[in-house]
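Here are some notes to read beside the model. Please keep the structure open while going through them.

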Amino acid sequence: MAFLELRNVVKSFGRNEVVRGLSLSVEKGEFVSFLGGSGCGKTTTLRMIAGFEAPTEGSIFVEGAELSRVPPNRRRLGMVFQNYALFPNMTARRNIAFGLRVEGKKGPEVERRVDEMLELIGLGEFGERYPHQLSGGQQQRVALARALAPGPRALLLDEPLSALDAKIRVRLRDDIRAIQRELGITTIYVTHDQEEALSISDRVAVMRDGLIEQIGAPFEIYDRPATPYVAGFIGTLNLLQATALDPEEGSLLVEGQVVRVGRRLEARPGEARSLRLRPEALSLGGPGSNRLAAKLVNVKLHGAIVRLVARVGGQEVLVDCFNDRSLELPGIGADLSLTFAPESCAVERP
């Protein structure tokens, strides 16, 4: 049996079914992220694991023990909230010690553990400061240390970085991952941020309408999306309307131009299909047996990436290039030749 297991878990609030027969297995030491938009059921699922919500149906197991009706304080799971939830009248040291004292630990044992936690989160000199004397990132580190201090069996984090600015968020998410690896603690992380989930997780569970649409390693989720929803939700996607030309040879027409996908199509000649292409799969006249004539409409700088907005006939296409100093871009309105490999395409029904 897996370390953490959800079996056909359902959660309803009145007639509103928020989680619908969700099943999941998480191995010991894994870092799994629940990723999805608002209302997809990711936070509700986390709260059921933590014990703050009871499943309407189904079962939750940790280390083989059924926990669905066990109260939160008896589950031995650490929880980090979005809003930090620190006690304002307690110093960082006393906040971290709180869970230990609730468990009945006293004296040197508590002080030693608090010192360990302060060093782990890099705040060894900030133990006597109150929450209002700490930055948002520092407060979230204290919240993390408080959750870890009692030695929980698993760590649960509910969008812990959403209230922080971008640079602090990147630094702190890397710190969370480093601490998780150092401790080897099983971690469930809820986020709506795709980059966050893809950058720190062992596996990502993409959720939609109370179910897991796909779960897999970050590269798998991005490069081999199992459904059109996942393909559209993760990253940026070009979706071109096409018509099957020769299904046996795997060719289609896009705005009158032939595109080959390198495999047989499940379609009849003349049937409508959609062609999926990531912006980074396209290049300006580079290698690739497929070639589409286009016109440049706009250029957008995204730091290390330059995004070109082009038009193939009446359809918009995005092309991502590295922001190399040698990059020479044509002017707006210029003709482009967009190339891409057959294996970079995916075909679906419109």
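1. Where is the place of Glu248? This is a predicted model, and in it Glu248 sits in the loop between strand 11 (238-246) and strand 12 (251-254). Glu248 counts as exposed because its relative accessibility is 56%, over the 50% cut-off. Its side chain makes a polar contact of 3.0 Å with that of Arg264. Arg268 is 20 residues from Glu248 in sequence, and the two C-alpha atoms are 9.4 Å apart.

2. The largest nonpolar core has 33 residues. Ile96, Val142, Leu144, Leu148, Leu155 and Ile176 have the most contacts inside it. Among the elements that give two or more residues to this core are helix 2 (92-102) and strand 7 (154-158). Helix 4 gives the largest share, six residues. A second, separate core has 28 residues, including Leu24 and Met79. In soluble globular proteins, nonpolar side chains tend to be buried together.

3. The whole structure holds 24 salt bridges. One of them joins Arg113 and Glu116, with the closest N and O atoms 3.1 Å apart. These two residues are three apart in helix 3, so about one helical turn separates them. Arg113 is also among the residues that Leu148 touches.

4. Asp175 and Arg141 form a salt bridge of 2.5 Å, N to O. Asp175 belongs to helix 5 and Arg141 to helix 4, so the pair ties together parts 34 residues apart in sequence. Is Arg141 buried or exposed? Arg141 counts as buried because its relative accessibility is 17%, whereas Asp175, at 24%, is partly exposed.

5. Glu348 and Arg276 also meet in a salt bridge, at 2.7 Å, N to O. Both residues are buried.

Conventions
Residues are numbered from 1 along each chain as its sequence is written. This is a predicted model: local features need pLDDT of at least 70, side-chain atom pairs count only at pLDDT 80 or more; totals for chains, interfaces and linings use all residues. Side-chain values use heavy atoms; hydrogens and water are left out. A nonpolar core is a set of buried Ala, Val, Leu, Ile, Met, Phe, Trp, Tyr and Cys residues joined through side-chain atoms within 4.5 Å. Buried means under 20% relative accessible area, exposed over 50%, partly exposed in between (1.4 Å probe, protein chains only). Helices (H or I, at least four residues) and strands (E, at least two) are DSSP runs, numbered from the N terminus. Contact means heavy atoms within 4.5 Å. A polar contact is a pair of N or O atoms within 3.5 Å; within protein, one must be able to donate a hydrogen and the other to accept it, and residues adjacent in sequence count only if both atoms are side-chain atoms. A salt bridge is a side-chain nitrogen of Lys or Arg within 4 Å of a carboxyl oxygen of Asp or Glu. Lists of a residue's contacts leave out its neighbours within four places in sequence.
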